[in-house]
Amino acid sequence: MHINKYLKALAIASTVGMLLILLGGALVTKTDSGMGCGRHWPGCNGQLIPDVITPEVLIEFSHRLVTGAVGIFIVALAVWAWRSLGHVRETKFLSFMAVFFLVLQALIGAAQVKWGQGDFILALHFGISLISFAAVLLLTLLVFEVDRKFDTDKIRIGKTLRFHTIGITLYSYVVIYTGALVRHTESSLVCRDWPLCRNDEFTLPTNLYEWVQMGHRVAAGLIFIWILITAIHVIKNYKDQRAIYWSWIIALILVTCQLVSGMFVILTRLNLYIALLHSLFISLLFGLLCYMILLLSRSRAKN
């Protein structure tokens, strides 16, 4: 089947745009620019377009503009994919998920600006945006017919790998939430050493902020170990299935980059570029894990 080249271009633009939304949201949080436009939404400081531009205003207002523009792209992609690829089983579901969670994350962001919310609620914001990103990414893969290129109709997945794939994907959301909680509770530098909170003594955390920080480190360490074990299993048993084999190799690379960048976030005392890379790696990893869930669902149907 021939896919319209403009639909492919729209899919790429939407995927890149969702990444920009994710990184833009992380930038807003990391630079404390959330109140750059005051308690005004969708306007900024009482104006449709602010005439006084500070760094905080620029970051917050740019994030809103990018979210609005990309939102139009995603709605267009969802409608176009629905009409052109509606016969593909996952298309309609992914189209709905992409739009629904994009709108949901925008509403949560607006509610934070207008009324403010607790840190534990705000930590959901990044995770909700990630679901929309994953849906857009999977739609893009369907548009480019990646499943046909890698013969995914021939995939056979055993019970062990099924368990690990579902478990790691669900658990990755816990890691993502704890990481977002670290940012929103301003716990990033409460532990100034790595890997322990204080390397010169082995003690349990003494307050909520240390628990949040060390809880995230433990969660991140566990997902690295889990993906490593799964990747070894795949290398031993799935060399003949390219999509599965290379997906887990890439997952291992991404989770390693995630772990290392997290370490350098602490050691560099919150270097902004490293912190944004940290957000990028987990976004790509979650998208990849969702793709493997898609492959798993197809394998189950065929078995």
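Leaving aside neighbours within four places in sequence, Leu294 is in contact (heavy atoms within 4.5 Å) with Glu90, Leu94 and Leu138. Leu294 lies in helix α10 (residues 272–302), helices being DSSP runs of H or I with at least four residues, numbered from the N terminus. With a relative accessible area of 7%, Leu294 is buried; buried denotes under 20% relative accessible area, exposed over 50%, and partly exposed the range in between (1.4 Å probe, protein chains only). The model is a predicted one, in which local features need pLDDT of at least 70 and side-chain atom pairs count only at pLDDT 80 or more, whereas totals for chains, interfaces and linings use all residues. Residues are numbered from 1 along each chain as its sequence is written, and side-chain values use heavy atoms, with hydrogens and water left out.

Glu90, one of the contacts of Leu294, is itself buried at 9% relative accessibility. Glu90 also forms a salt bridge with Arg89, the closest N and O atoms being 3.2 Å apart; a salt bridge requires a side-chain nitrogen of Lys or Arg within 4 Å of a carboxyl oxygen of Asp or Glu. By this rule, four salt bridges are counted. Another joins the side chains of Arg198 and Glu210 (3.0 Å, N to O). This pair links distant parts of the chain, with Arg198 in the loop between α7 (159–184) and α8, and Glu210 in helix α8, 12 residues apart. Arg198 is partly exposed, with a relative accessible area of 24%, whereas Glu210 is buried at 5%. Together with Glu201, Arg198 and Glu210 are linked in a network of salt bridges.

In helix α2 (residues 55–84), the 30 residues should span 44 Å at 1.5 Å a residue, and the end C-alpha atoms are 43 Å apart, which agrees; the expected span is 1.5 Å times one less than the number of residues. The buried residues of α2 include Phe61, Ile74 and Leu77, and their cover includes α1 (5–30), α3 (91–115) and α5 (124–143). Arg64 and Glu60 are four residues apart, about one turn of the helix, and both are buried.

Ser129 belongs to helix α5 and is buried, with a relative accessible area of 4%. Not counting residues up to four places away in sequence, Ser129 touches Met18, Leu22 and Gln105.

Technical notes:
Helices (H or I, at least four residues) and strands (E, at least two) are DSSP runs, numbered from the N terminus.
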